[in-house]
Amino acid sequence: MPAPLCRLYLITPPALDDLAAFATTLAAALDGGDVGALQLRLKDAPDEAIAAAVRTLRPVTAARDVALILNDRPDLAARLGCDGVHIGQSDGTFDAARRAVGPERIVGVTCHDSRDLAMAAAEAGADYVAFGAFFPTTTKVTVHAPDPEILEIWQETMLTPCVAIGGVTVENCGPLVTAGADFLAVSAGVWSYPAGPAAAVAAFNAAIADGLRMRAPTR
């Protein structure tokens, strides 16, 4: 069976005060529909807290064949057995990240609103590039605001998968899917969804299906 043309890429809340409770919430969310990856994003957390989170969440993601990606820390991603790492433009070079995690793990790169940064990352061997923020977001300070057209151009010209990030919700994700996003990176749009995270994942999958019906064939 071919891989879906667009999938969810969940990002954890910025703090996980109760790991056991979040693991239960995560399991329900992942059982709500197709999810390709979970990024563990605990900015400024001590290594011990990150390690504890990986130990708790890894069995949940592994049981559902969902990639566990660690934000920022290639060294910890390798040491803790994560499936990959996501690095920003200020988190060191792609080559250093690849050396740290090895050839088999995923390395994704934030590229903001820049096709030049994305092309450089793709040519270096990145497994995916991330564009955003497409919409206002409370998760982090928004500096770059690409137009969805960047996804369309990328889809038409490059093979490396692209991730759309930044304020993505069930209500606004359709144009990103139609434009060519391979993944929708979502945090609050799932964890703060009024009907709960499992319902959010189901709703996102329905919205993705609607968006894909509007997408022009490319590759």
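This is a predicted model: local features need pLDDT of at least 70, side-chain atom pairs count only at pLDDT 80 or more; totals for chains, interfaces and linings use all residues.
**Entry 1: Asp 44**

I found Asp 44 in the loop between β2 and α2. I also looked up its phi, which is near 65 degrees.

**Entry 2: His 112**

Next I looked at His 112, where phi is near 55 degrees, again positive in a residue that isn't glycine. Where does His 112 sit? I traced it to the loop between β5 (106-110) and α5 (115-124). Its relative accessible area is 22%, so His 112 goes down as partly exposed.

**Entry 3: the barrel**

Then I followed the strands. Eight of them close into a barrel, in the order β1-β2-β3-β4-β5-β6-β7-β8, and the pairing is parallel. Ignoring direction, neighbouring strands of this sheet are turned by 25 degrees against each other on average. A reminder to myself: strands of a sheet pair through backbone hydrogen bonds, and the pairing is either parallel or antiparallel.

I zoomed in on one pair. How many bridges join β2 to β3? I noted four between β2 (residues 37-40) and β3, and the two strands run parallel. Within this pair, Gln 39 stands opposite Ile 69 of β3. Helix α2 packs on the sheet here and touches both β2 and β3. The direction of α2 makes about 170 degrees with that of β2.

**Entry 4: Thr 61**

While on α2 (residues 47-63), I picked out Thr 61, which belongs to that helix. Its relative accessibility is 0%, so Thr 61 counts as buried. What does Thr 61 touch, apart from neighbours within four places in sequence? I wrote down Leu 26, Leu 30, Leu 38, Val 66 and Leu 68.

**Entry 5: Ile 11**

Ile 11 is in strand β1. With a relative accessible area of 6%, Ile 11 is buried, because the cut-off is under 20%. I skipped residues up to four places away in sequence and looked at what else Ile 11 touches: Leu 38, Gln 39, Arg 41, Ile 165, Ala 185, Val 186, Ser 187 and Trp 191. I also checked Ile 11 against Ala 188. They are 177 residues apart in sequence, and their C-alpha atoms are 8.4 Å apart in space.

I moved on to helix α6 (residues 149-157), which lies across β6 (128-132) and β7 (162-165). Helix α6 runs at about 160 degrees to β6. Which two residues does a cis peptide bond join? They are Gly 132 and Ala 133, with omega at about 15 degrees. I placed Ala 133 in the loop between β6 and α6.

**Entry 6: the second largest pocket**

Last, I looked for empty space. Rolling a probe the size of a water molecule over the atoms shows where such space is left. The second largest pocket holds about 270 Å³. I counted 14 residues lining this pocket, and Gly 36, Ala 37, Ala 67, Ile 106 and Phe 183 lie nearest its centre. By class, I sorted the lining into nine nonpolar, one polar and four charged residues. Strands β1 (7-11) and β3 (67-71) each supply at least two residues of this lining.

Key
Residues are numbered from 1 along each chain as its sequence is written. Side-chain values use heavy atoms; hydrogens and water are left out. On a 1 Å grid over the protein atoms alone, a cavity is a set of points where a 1.4 Å probe fits but cannot get out, and a pocket is an open set with protein on both sides within 12 Å along at least five of seven lines; lining residues have an atom within 4 Å of a point. Grid points are joined across faces, edges and corners, and a volume is the space filled by probe spheres set on the points. Ala, Val, Leu, Ile, Met, Phe, Trp, Tyr, Cys and Pro count as nonpolar, Asp, Glu, Lys and Arg as charged, and the others, Gly among them, as polar. Buried means under 20% relative accessible area, exposed over 50%, partly exposed in between (1.4 Å probe, protein chains only). Contact means heavy atoms within 4.5 Å. Two strands pair if DSSP finds at least two bridges between them. Axes are lines fitted to C-alpha atoms, for helices over the stretch in contact, and angles run from 0 to 180 degrees between N-to-C directions.
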